[in-house]
Amino acid sequence: MIETAGLVATQKAITDEDGVFLGIDKNTEIRDKGWKRVWLAPFFDIIGQLSKSQLKVLKYIIYITGERNNLAKCTAESLAICCKVSIYTAKDTLSILTKNDFLRKADSKKYMINPLIIFYGKDNMNLCCQYFALDSKYELKKYKNKEWQKFWLINFFEKIEDVSGKSMQVVYCLLSNMYIGNNIVKLTQRQIVQKTGLSIQLVNQTLKKLKAQDLICYKSDEAGIRFNPECVSGVPLEKRISICKEYQEFAGCS
């Protein structure tokens, strides 16, 4: 069985030397694996509060989190060592995540990610019962809009390494206005400014960073921004493969 970026192939998958999905034999049986459903509003509310070094810690926590139980075995000390950040950064990150009810402590060495924000698989109801049975003085904020999207989170965090703080509002704006059928956002920079309240300079700088990191692609002479389907996708696997090809072709000539 061959694992690719978000795919599992029972026969033959075509990848580059880094394991990034390039194509697949049309007769091969394939299925999704490793994608997480993310509730955009609370997720971006939280990551918008994190610095770049703190985002690195969160990325590592998600990386080591169990696919079926939402549990991450870690401490502030282990996170500081593995992420090469100060112990204060690690502690501050855990503090922000717990205060926002993204994490709850399961025991002295384990944290559980809130399955109302990120979850995987069919056992989410059981995970919710386990999560809310854990003692916590914090409660999840109430969000009106339930905007769920599927993320390959490790890929996503690699693409936002140069983005943090208010710039996250641009990413959220794009995702919440993305058409899931083709990963295209029909917004101009001026419209993004109106929706986020950010300056045109910050919006422009953020879009350039996201394009350089290959999270999005766009052409200056064409309306519409495309999200990399290897990071975000809300369509069935077969459709996502065709969107991947379209994105690669579009990005190659943009």
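User: Which strands does helix H1 lie across, and at about what angle does H1 run to S6?

Analyst: In this predicted model, helix H1, made of residues 40-47, lies across S6, S10 and S11. Its direction is at about 80° to S6.

User: How are the strands of a sheet read, and in what order do S10, S6 and S11 stand here?

Analyst: Strands of a sheet pair through backbone hydrogen bonds, in either a parallel or an antiparallel manner. Here, three strands form an open sheet in the order S10-S6-S11, and the pairing is antiparallel. S10 and S11 are the edge strands, since each pairs on one side only.

User: How many bridges join strand S6 to strand S11, and which residue in S11 stands opposite Lys 36?

Analyst: Strand S6 (residues 36-39) and strand S11 (residues 148-151) are joined by four bridges and run antiparallel. Lys 36 has Phe 151 in S11 opposite.

User: How many bridges join S6 to strand S10, and which residues in S10 stand opposite Arg 37 and Val 38?

Analyst: Two bridges connect S6 with strand S10 (residues 118-119), again in an antiparallel arrangement. Arg 37 stands opposite Phe 119 in S10, while Val 38 stands opposite Ile 118.

User: How is the packing of two helices described, and at what angle do H2 and H4 pack?

Analyst: Two packed helices are described by the angle between their axes and by the distance between those axes. For H2 and H4 the angle is about 70°, and the axes are 9 Å apart. H2 is therefore roughly perpendicular to H4. The crossing in which H2 passes H4 is right-handed.

User: Which residues in H2 and H4 meet?

Analyst: From H2, the residues are Ser 53, Gln 54, Val 57, Leu 58 and Ile 61. They meet Thr 89, Asp 92, Thr 93, Leu 94, Ile 96 and Leu 97 in H4.

User: Which residues of helix H3 are buried, and which helices do the buried residues pack against?

Analyst: Helix H3 spans residues 76-83, and its residues Ala 76, Leu 79, Ala 80 and Cys 83 are buried. These four lie on the same side of H3, because they cover an arc of only 100° around the axis. The buried residues of H3 pack against helix H2 (52-64) and helix H4 (87-99).

User: Which residue follows H3, and is its phi positive or negative?

Analyst: Lys 84 follows H3, and its phi is positive, near 55°.

Conventions. Residues are numbered from 1 along each chain as its sequence is written. This is a predicted model: local features need pLDDT of at least 70, side-chain atom pairs count only at pLDDT 80 or more; totals for chains, interfaces and linings use all residues. Side-chain values use heavy atoms; hydrogens and water are left out. Buried means under 20% relative accessible area, exposed over 50%, partly exposed in between (1.4 Å probe, protein chains only). The arc is that of the directions from the helix axis to the C-beta atoms. Contact means heavy atoms within 4.5 Å. Two strands pair if DSSP finds at least two bridges between them. Axes are lines fitted to C-alpha atoms, for helices over the stretch in contact, and angles run from 0 to 180 degrees between N-to-C directions. Angles under 35 degrees count as roughly parallel, over 145 as roughly antiparallel, 65 to 115 as roughly perpendicular and the rest as oblique. A crossing is left-handed if the near helix is turned anticlockwise from the far one by less than a right angle, and right-handed if clockwise.
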